[in-house]
Amino acid sequence: MRGVRNRALVTVVALAAGLLGAGSSQGADAPAAARPEAAPAAAGSCDTRSSLPPSRDESGSKIRAIKQRGKLIVGVDQNSYHWGYRNPQTGRIEGFDIDLAHAIAKALLGDPDKVVLKTVPTAKRIEAVQNGDVDLIARTMTITCDRLQQVAFSVPYFSSGQRLVVPKSAHVTSVDQGLRGKRACAADQSSSQTELKANPHGTASVRIVANQLDCLVLMQLGEVDATLTDTTLAAAQTSQDPTVELAGEQIAPAYTGIAMKKENTDLVARVNQVLADYRSDGGWQASYQHWLAASMGTDPTPYLP
Amino acid sequence: MTPVQQQAVVPAQRQPSAPATRRLLGRTTGRLRESTRTAPGRLRLAGAVLTGLLLLLGAATCWQAVGLGRATDQVVSHSEPLSENAAEIYRSLADADTTAAGNFLLAGNAPAAVHQRYQDDLAKAGRLLTEAAARTDTSSAAQGSIAKLNQQLPVYSALVATAGTYDRQGLPLGGAYLRHASELMRTTMLPTAQQLVDDERKRLDADYEDALGLPYLAAGLGVLTLAALVWCQVLLLRRTNRVFNIGMLGATAAVVLTLGWLATAGAAAQSGLGDSRDHAARPLRALDQARFSALQARAAENLDLVARGATTQYTTDWAADTKALSGGQLDQARQGAPEGSVQALTAARTAFQNWTAKHQAAATANDAGDYDTALKAVIGPGSDSSDAAFAALDQHLADAATVEQAAFRSAARGVGGWWTALAGGAVVLAALGAAGVVVGLGRRLAEYR
């Protein structure tokens, strides 16, 4: 009976934390996004799912500027396996987010290769959009209320949250079981860090590192027992080490979107249309099967926003 | 009363009771007092005192010269090389970290020489640690640092190897492993190596202090003996009206020679060792710190590209290390630096400016999202890359270090020889002086028979 109540409480807290959506598990994030005490103020004031209505109109000034340039400049990650990652063998950046960048370029410019991929460090994502260094950011970026004040987001293109990564040998079936009495690991200034602060889930200790991938290193070296990180990145971890798995349920649901400059409303509306088409023409599903199915499961339903 | 009778008294009183001792003491002082009343008695006493002083002078000078010689040897062939050794351990470790990151960035395209350099760094660090352990007291703090480094070195190299394996499989986990290895190096191993360097430097300072000490006891005894000899000769001149006493003059000459030798050896030590400290060991110390910072800045530059935006820590590290270089270390390395190294140090400053300019260009490209251009600018082949600029800086600093190490050896050379020679010479001179006193005063004494 008490267990049920506890779990209910946990779920409520987790849900709240997720809705507040304080950042991404990537780490080294924009500080504003990570301040847990800043989150409640923004709680009721935003809906992370809403964006401008989709539109095929290409007469706006931003889209005209892109067409004139002939290239779409996209800020991407090069360090997230199967999302945005520089393949050391080919030197090319590839992944689910990169497919998306090509799809937008194809829609706007008629050629998926008319795109310049600019690698943007996690901490400089907002700055790059605001300065106009990139037209948009496709980089497993979680939509949060704080960020919505600084940049505009597309409608969500991926539904995520936070997942626990543990060694398979630990036989974990729930987040609570995986964390109770264990040494947990999370990235600095990530929503997972915020989550563990709000609800330690009975952890014995929490190790905070610069980047979520450092947690996998520490887990392999036996210095921590479990890692809490964004679902997207958790999957990237399990695909690099077959001896670890995603365990238990997804907590703190959140959405991933494409960030653009607030003033570029024409681009936001157009990208929303591209995302809708991308889903209806099967592009999204094909990309999912190619990059993510192996680590996240062949059924993409839980991740479709 | 002859000396023979005096000596005979002592063995007779084998186990004297308290009153007997007092009686004996009374009798001895009585005799002493009696003997100073007569001229031959006074002569004999003077002879005994002077001979004693001379032998004491010889023994003290020998003892202090041996001590100072040993201290000099300690500086020249022990603590200075150990101090250099410790700095070299630090340098090898920092170089391994830098090279490992460069290797990683080049991935499969790393030239064999770069890979070899990393292996050589690890081998060198291991060898120097073994050497340092063998030459350091088991109880010293340095031994603790050495043990720690010995234990961490294989852990570090295993992490770097794992990083390479994952990278070859095309997994970003490789970069995370390399950053983890580098963190072990930068937050644990290098501070331990710096502790070792600091301990060895402290010891070198203490040994310099010992070696540059002045032989006050020998000098004081020399002056006292000389005064006693002169006084004795003045008295003799007054009593006998004989101007020259060859024996006593010879003894005086021996003491003067001893004092002169002592002064010369002391001056040679002060100038030679002092020079080696002020114009070699100290500037070398500042130069070593500059070399450490340069290597760490280069590692940060490489690691920033390895991190691919995963963390901003390395841009912070780069800023701190280059600030340490430009904000003092390069200037300090020039202070008191021997003339031969100034040219290399000036070239190093130019190379440093060139390097930071190249870095800035690469960083601008990286910030603009042009990773490929940044990568080429940082690690690419050709003379235009930041790699070439850093290599030039590293080479100039190494050249300056070679000059300063040579300056140390040439300044400190021969100082120990002065002390060793004096240790033997002082004994011979003291013996000659004592003989002179015995002969000289014996002549006078014979006149009373």
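In which helix of chain B does Thr356(B) lie? Thr356(B) belongs to helix α10 of chain B, which spans residues 339-367. The model described here is predicted. Thr356(B) has 19 C-beta neighbours inside 10 Å and therefore counts as partly exposed, since a residue is buried if 20 or more other C-beta atoms lie within 10 Å of its own. In sequence, Thr356(B) and Ala389(B) are separated by 33 residues; in space, their C-alpha atoms are 8.6 Å apart.

**Helix packing in chain B**

Helix α3 (residues 39-106) of chain B packs with helix α8 (residues 246-307) of chain B, with an angle of about 10° and axes 10 Å apart. Because of this angle, α3(B) is roughly parallel to α8(B); angles under 35 degrees count as roughly parallel. Sorted by class, the residues in the contact of α3(B) with α8(B) are 22 nonpolar, seven polar and seven charged.

**The largest nonpolar core**

The largest nonpolar core holds 208 residues. The residues that touch the most other members are Ala101(A), Leu136(A), Ile137(A) and Met260(A) from chain A, together with Ile89(B), Tyr90(B) and Leu93(B) from chain B. The element that gives the most to this core is α8(B), with 25 residues. In chain A, domain 1 (2-9 + 160-253) and domain 2 (23-159 + 256-303) both give residues to this core, so the core lies between them.

**Strands of chain A**

Strand β8 (residues 158-167) of chain A is mostly covered, with eight of its ten residues buried. Two strands of chain A are joined to β8(A) by bridges: β12 (residues 244-260) and β11 (residues 226-230). In β12(A), Thr256(A) stands opposite Phe158(A). In β11(A), Thr229(A) is the bridge partner of Arg163(A).

An open sheet of chain A is formed by three strands in the order β2-β3-β4, with antiparallel pairing. Its edges are β2 (79-80) and β4 (93-94), each with a single partner strand, so one side of each has no neighbour in the sheet. Strand β3 (residues 84-86) is joined to β4(A) by bridges, and Arg86(A) has Ile93(A) as its bridge partner in β4(A).

| Strand pair | Bridges | Direction |
|---|---|---|
| β8(A) and β12(A) | Eight bridges | antiparallel |
| β8(A) and β11(A) | Four bridges | antiparallel |
| β3(A) and β4(A) | Two bridges | antiparallel |

**Positive phi values in chain A**

Which phi value does Thr140(A) take? Phi of Thr140(A) is near 35°, a positive value in a residue other than glycine. Thr140(A) is part of strand β6 (residues 136-142) of chain A. Thr140(A) counts as buried because 25 C-beta neighbours lie inside 10 Å.

His201(A) is also a residue other than glycine with a positive phi, here near 55°. His201(A) sits in the loop between α9 (191-198) and β10 (205-209) of chain A. Is His201(A) buried or exposed? With 25 C-beta neighbours inside 10 Å, His201(A) counts as buried.

Key:
Residues numbered from 1 in each chain as written. Chains lettered and ligands numbered in written order. Predicted model: local features only at pLDDT ≥ 70, side-chain atom pairs only at ≥ 80, totals over all residues. Axes fitted to C-alpha atoms, helices over the stretch in contact; angles between N-to-C directions. Parallel < 35°, antiparallel > 145°, perpendicular 65-115°, else oblique. Nonpolar A, V, L, I, M, F, W, Y, C, P; charged D, E, K, R; others polar. Pairing = 2+ DSSP bridges. Core = buried A, V, L, I, M, F, W, Y, C linked by C-beta atoms within 7 Å. Buried ≥ 20, exposed ≤ 12 C-beta atoms within 10 Å, placed from the backbone. Domains from an automatic or database assignment.
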